[in-house]
Amino acid sequence: MADGTSVPVGVIGAPRRVARKTSSLKRFTQQRSTIAFMLALPLILLVACFVIYPALYAIYLSMLNKKMTAFVGLGNFAFLLKRHTFQLVIFQSCLFAVTAVVMKAFLGFVLAHLMHNIPGKNQKIWRGLLLVPWVIPLALSTLTWWWMFDPSYSAFNWVLNQFGFANVPWLGVGWIARFCTITVNVWYGTPFFMIMYLAALKSVPEQLYEAASIDGANAVQKLFFVTLPMMRNIIAITVLFSLIVTFADFDIVRILTAGGPQDMTHVFATYAFQVGIQSGDIPLGAADSLFMFPILAFAAFFVLRGVTRRTKEIAT
Amino acid sequence: MSATTMGDAAKRAAAHSHKHSLHRQRLWALWGSYIALGVFVVIFLVPPFYTLMTSLKSSAEISAQTGSPWLVRHPTLDNFWYLITYPNFQTYYLNSIMVTIVTVSVSMVISVLAAFSLSRMGFWGSQALATGVFLTYLVPASLLFIPLFQIVGWLGLINNLWCLALLYPTLAVPFCTWIMIGYFSSIPKELDEAALIDGAGYLQMLWKIFIPVAMPGIIAATIFAFTVSWGAFLYPLAYLYTSNQMVLTVGIISDLIRGDVFQWGKIMAACLLASLPPIVIYAFLMDYYVAGLTAGATKG
């Protein structure tokens with residue numbers, strides 16, 4: 001790191017000896033990029049050792065047999081795809097992620113608009129209250145949900161009983177359990193959408209709305225022709241980020257249902273955990289979790305392509 | 001704010017009755033928003049409220065199963081007292097604190113250095129690296145934990161809580177770097193030119209100019225790293241199995257749930273105690289965090 005302090009000497013020295021100016025400048029830039037590389041090296045090492053290498057290693061692992069003694073090619077993938085349980089996993093993962101993200105995006109949008117309507121100094125308090133679900137560690141708040149969904153003496157069933165309805169086996173029946181996992185995810189993730197959209201709403205220039213009013217646009221038209229087009233990019237990026245996190249979700253399903261009833265709520269992550277860590281079939285678990293990557297990469301490709309295209313349109 | 005300026009314009013231009021109806025409309029929108037927000041807040045705060053209520057109940061009151069579960073009839077702090085004096089819970093808390101401190105420091109050093117290098121100095125491929133870093137989130141923890149199980153095994157760190165300090169930075173660093181790049185890029189170039197002419201080295205420049213100026217960004221990134229490290233669940237669940245190595249998220253579940261016996265009062269009290277540090281931090285530093293999160297995204 002002593003190099004770092006010696007660089008400016010080269011800069012100051014350069015004008016004195018005109019003949020060596022170019023070489024010294026070159027050395028300066030060279031030194032500069034060497035230091036830059038050194039500073040970024042920890043990041044590169046971290047990502048290489050604990051993200052890229054394990055990802056590649058997962059591909060290798062997924063092609064071994066259960067005892068990891070023989071190479072079976074794509075056998076694990078073929079085996080998984082033929083299994084009914086895994087077909088359920090694919091379906092549930094997509095259902096879970098898409099439904100939850102759509103609902104979060106919608107509710108977040110509504111909440112952001114409501115927040116935008118109220119005066120600035122009150123916004124802070126309301127925002128703080130609404131962000132509570134997002135602040136509590138997810139694994140812990142899911143425990144509370146589990147307790148509320150408890151079949152025997154649960155908070156929700158008690159309320160239902162008060163209104164004369166029968167008990168609902170919240171986590172005991174497939175589709176209701178699916179609904180429950182999605183509900184918890186929406187509860188947890190909506191505040192994130194809200195703050196992102198609120199920031200986006202604030203960044204829309206007020207003149208655009210004034211111009212639209214003068215042109216005789218009503219509130220709905222303003223929403224569709226001013227607000228939404230201006231927010232397109234931030235909506236896209238927030239949805240993408242949330243899609244990745246939701247798709248890879250582990251905590252909610254693991255704690256709430258552990259995949260049951262009849263494997264109907266398993267998502268890729270929890271199924272990989274059950275197969276890979278609990279049953280000890282590491283290659284099969286690796287193969288299972290690898291299915292996530294192409295789906296996420298596909299989504300990311302289209303979202304980011306849209307974003308860059310729109311950014312260019314704005315620039316030109 | 002602009003609503004009032006529009007109101008002023010309308011006041012001057014339009015007739016009295018017209019102004020009146022506009023004003024009333026706006027008032028309705030305001031009250032409607034408050035009511036709707038109130039409903040949302042009540043719904044969103046149901047689980048935390050229920051956590052609090054249950055944590056104040058004795059085991060007897062919970063197992064009696066009579067009356068409304070939403071109310072507590074004989075509030076007691078026994079659950080909290082039990083946990084505070086319970087050696088295992090103290091261990092989990094301490095482990096969580098240690099892992100989080102190491103994770104946050106390591107993540108911040110890595111991401112600040114990298115962000116400085118990527119946003120200001122640059123080298124061959126640095127542009128690609130800056131975008132590529134964020135794409136690491138396409139390979140989520142729930143994909144990596146199985147190969148990492150093998151790798152952690154080779155390192156001899158299975159059932160050792162320091163494997164978390166090694167792995168958590170991968171979850172925090174990409175986003176922290178992204179936040180810091182955003183803040184560093186907004187610092188005018190003239191500042192570092194001036195520093196270079198005055199004979200400062202790059203590290204001095206980073207330490208004396210960039211870090212102080214980008215302090216809000218550093219706070220935001222630190223909070224993010226803290227959140228990730230405090231709340232992570234998958235890695236500790238997969239790699240730790242004895243109670244002396246566990247952190248809060250897994251410790252509470254594995255310790256207070258024994259087979260079919262759920263000590264809900266204690267579990268809920270433990271959840272509250274474990275959520276306390278994040279809640280306190282967010283209560284004071286929420287503005288920095290929200291600004292840091294949204295700054296990068298709104299800039300595009």
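In the predicted model, the centres of domain 1 of chain B and domain 2 of chain B, taken over C-alpha atoms, are separated by 34 Å. The domain assignment places domain 1 of chain B at residues 2-64 and domain 2 of chain B at residues 79-299. Contact between these two domains involves eight residues of domain 1 and eight residues of domain 2. On the domain 1 side, the elements that supply two or more residues are α3 (46-55) and α4 (59-64) of chain B. Of the elements on this side, α3(B) gives the most, with four residues. By class, the domain 1 side consists of two nonpolar, five polar and one charged residues.

Chain A is likewise assigned a domain 1 (2-61) and a domain 2 (75-315). The C-alpha centres of these domains of chain A are 41 Å apart.

Chain B contains 15 helices and two strands. Its radius of gyration is 26 Å, whereas the globule rule gives 19 Å for 300 residues; chain B is therefore more spread out than a compact globule. Along the principal axes, the C-alpha atoms of chain B occupy a box of roughly 65 × 65 × 35 Å. Of the 300 residues in chain B, 45% are buried. Among contacts in chain B with a separation of 6 or more, 77% are between residues 24 or more positions apart.

Helix α11 of chain B spans residues 202-213 and has twelve residues. The distance from its first C-alpha to its last is 15 Å, close to the 16 Å expected at 1.5 Å a residue. Tyr202(B), Met205(B), Leu206(B) and Phe210(B) are the buried residues of α11(B). Viewed down the axis of α11(B), these buried residues fall within an arc of 95°, so they line one face of the helix. An α-helix has 3.6 residues a turn, and residues three or four places apart therefore point the same way. The face of α11(B) turned away from the buried side carries Lys208(B) and Pro212(B), which are exposed.

The contact between the chains takes 81 residues from chain B and 81 residues from chain A. On the chain B side, helix α15 (residues 264-299) provides the largest share, 15 residues. The residues of chain B on this side divide into 59 nonpolar and 22 polar, with no charged residues.

Methods
Residues numbered from 1 in each chain as written. Chains lettered and ligands numbered in written order. Predicted model: local features only at pLDDT ≥ 70, side-chain atom pairs only at ≥ 80, totals over all residues. Rg over C-alpha atoms; globule rule 2.2 N^0.38 Å. Buried ≥ 20, exposed ≤ 12 C-beta atoms within 10 Å, placed from the backbone. Contact = placed C-beta atoms within 7 Å. Expected span 1.5 Å × (residues − 1). Arc of directions from axis to C-beta. Nonpolar A, V, L, I, M, F, W, Y, C, P; charged D, E, K, R; others polar. Domains from an automatic or database assignment.
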